[in-house]
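Take a look at the model below. The text then walks through two parts of it, one after the other.

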Amino acid sequence: MIPDTLKSKLQQRISHAVTPREAAVDVLKMLQAHYGWLTDEAVAEAAELLGLSTLQVDELATFYEMLYRRPVGRRVIHVCDSISCWSMGGEALIAHFSKYLGIKPGETTEDGAFTLLPCCCLGNCREAPTVMIGDTIYDRVTPELAEQIVAKERT
Ligand code: FES
């Protein structure tokens with residue numbers, strides 16, 4: 001059940017949209033920030049607030065890769081695997097994160113700290129290879145920098 005304060009923030013966001021659907025991704029992001037991921041309950045609550053069906057909301061939630069329909073770690077490491085990053089060593093970078101964290105892409109560390117997810121272009125191709133965690137973009141990530149990022153993000 002959504003706390004009243006969050007519910008009123010969601011309703012406020014929806015009231016400022018031209019159509020409820022326009023606010024759907026923001027609503028899902030806010031619910032994700034609350035639950036940690038988009039549970040079935042969160043999807044149902046979003047649908048009710050937006051006046052959409054749960055299927056419509058689920059379609060949105062499963063389309064955007066920064067929305068998570070499965071449990072994730074406290075920090076999600078998105079490593080770009082599109083062409084510019086791939087050509088600048090992105091594949092080796094994902095392999096390094098994987099080895100360093102002891103998880104395969106798509107998995108979460110045992111302590112629940114990190115999930116490793118390859119992702120599509122983050123719009124930062126000039127600074128490839130690129131990693132995004134939360135709202136932070138990391139440029140030109142080397143294996144050494146990857147380990148520093150993990151240490152920083154763990155705190
Ligand atoms: S290809 Fe990686 S940020 Fe664009």
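UniProt, in an unreviewed entry, places the feature "binding site" at Cys 80, Cys 85, Cys 121 and Cys 125. These four positions are spread over 46 residues of sequence. In space they cluster, with a largest C-alpha distance of 9.3 Å. Keep in mind that this is a predicted model.

Start with Cys 85. It lies in helix 5, residues 83-87. Is Cys 85 buried or exposed? Cys 85 counts as buried, because it has 27 C-beta neighbours inside 10 Å, and the cut-off for a buried residue is 20 or more. Leaving aside residues up to four places away in sequence, Cys 85 touches Cys 80, Gly 90, Ala 128, Pro 129 and Thr 130. One of these contacts, Cys 80, is itself a position of the annotated feature.

Now turn to Cys 121. It sits in the loop between strand 2 (114-119) and strand 3 (131-133). Its surroundings hold 14 C-beta neighbours inside 10 Å, so Cys 121 counts as partly exposed. With residues up to four places away in sequence again left out, Cys 121 touches Cys 80 and Ser 82.

Next comes helix 3, which spans residues 40-50. Which of its residues are buried? They are Ala 42, Val 43, Glu 45, Ala 46, Leu 49 and Leu 50. These residues cover an arc of only 165° around the axis, which puts them on the same side of helix 3.

What do the buried residues of helix 3 pack against? Their partners are helix 1 (4-15), helix 2 (24-35) and helix 4 (54-63).

Look at helix 2 in particular. The axes of helix 2 and helix 3 come within 10 Å and cross at roughly 145°. This crossing is right-handed. Helix 2 contributes Ala 24, Val 27, Leu 28, Leu 31 and Tyr 35 to the contact. Helix 3 contributes Ala 42, Glu 45, Ala 46, Leu 49 and Leu 50. By class, the contact has 9 nonpolar residues, no polar ones and 1 charged residue.

Finally, follow the chain out of helix 3. Gly 51 comes after the helix, and its phi is positive, near 70°.

Methods. Residues numbered from 1 in each chain as written. Predicted model: local features only at pLDDT ≥ 70, side-chain atom pairs only at ≥ 80, totals over all residues. Buried ≥ 20, exposed ≤ 12 C-beta atoms within 10 Å, placed from the backbone. Helix = DSSP H or I, 4+ residues; strand = E, 2+ residues; numbered from the N terminus. Arc of directions from axis to C-beta. Contact = placed C-beta atoms within 7 Å. UniProt positions renumbered as here; feature names shortened; annotations may be inferred. Axes fitted to C-alpha atoms, helices over the stretch in contact; angles between N-to-C directions. Left-handed = near helix turned anticlockwise from the far one by under 90°. Nonpolar A, V, L, I, M, F, W, Y, C, P; charged D, E, K, R; others polar.
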